[in-house]
Amino acid sequence: MKRSISPDPYTWKKEYELNDKLYDEQARKFLEIINQMRKIIAGGVKDRDISDIFFQLTYYHEQYMIREEINMKKLNYDDFENHRESHKKFIDHILAFREGYEKGDEDVYDEMYFYLEKWFDDHMMVADRSAVNYIAGTRI
Ligand SMILES: [Fe+2]
């Protein structure tokens, strides 16, 4: 069954915080992107142009993920290769969504929305959290 998407925005919660400036800043921005998608999909917005969302996601990849990877490598993070691989898969997915969008595929909206939501839950809240905990452990 297809899940419905509410137009109401997610609000930032204390439990999302990883207590790291770089990670918290990117997670907040990412949640904003999810909220923009929610509004476009469910809020009856006239302009369904999501080019800016693709721009923001590319920025997220270039600015935050690359910085994460540089830090992880510097600190010999033991899960670095897996983490980097998941970042690569993420940007490959986004590029594929963009290609679909440019061809006029309407399914891209829902598919990308759920993909972003899952990324927030599984990557940012779990994989990034593990990395932050590792990094924090090296600052003694
Ligand atoms: Fe990450």
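This is a predicted model: local features need pLDDT of at least 70, side-chain atom pairs count only at pLDDT 80 or more; totals for chains, interfaces and linings use all residues.

Visitor: Which residues make the contact of α1 with α2?
Guide: From α1 come Leu 22, Gln 26, Lys 29, Phe 30, Ile 33, Gln 36 and Met 37. Helix α2 brings Ile 53, Gln 56, Leu 57, Tyr 60, Tyr 64 and Arg 67. By class, that contact holds eight nonpolar, three polar and two charged residues.

Visitor: How do you know that Ile 53 touches Ile 33, Gln 36 and Met 37?
Guide: Being in contact takes C-beta atoms within 7 Å, and Ile 53 has such contacts with Ile 33, Gln 36 and Met 37, leaving aside residues up to four places away in sequence.

Visitor: Which members of the largest nonpolar core touch the most others?
Guide: Met 37, Ile 50, Ile 53, Phe 97, Met 112, Tyr 113 and Leu 116 do, in a core of 13 residues. Two or more residues each come from α1, α2, α3 (80-102) and α4 (107-138), and α4 gives the most, with five. Apart from this core lies another of five residues, including Leu 18, Ala 27, Phe 30 and Leu 31.

Visitor: Why would such residues gather?
Guide: In soluble globular proteins, nonpolar side chains tend to be buried together.

Terms used:
Residues are numbered from 1 along each chain as its sequence is written. Two residues are in contact if their C-beta atoms, placed from the backbone, lie within 7 Å. Helices (H or I, at least four residues) and strands (E, at least two) are DSSP runs, numbered from the N terminus. Ala, Val, Leu, Ile, Met, Phe, Trp, Tyr, Cys and Pro count as nonpolar, Asp, Glu, Lys and Arg as charged, and the others, Gly among them, as polar. A nonpolar core is a set of buried Ala, Val, Leu, Ile, Met, Phe, Trp, Tyr and Cys residues joined through C-beta atoms within 7 Å. A residue is buried if 20 or more other C-beta atoms lie within 10 Å of its own, exposed if 12 or fewer, and partly exposed in between; C-beta atoms are placed from the backbone.
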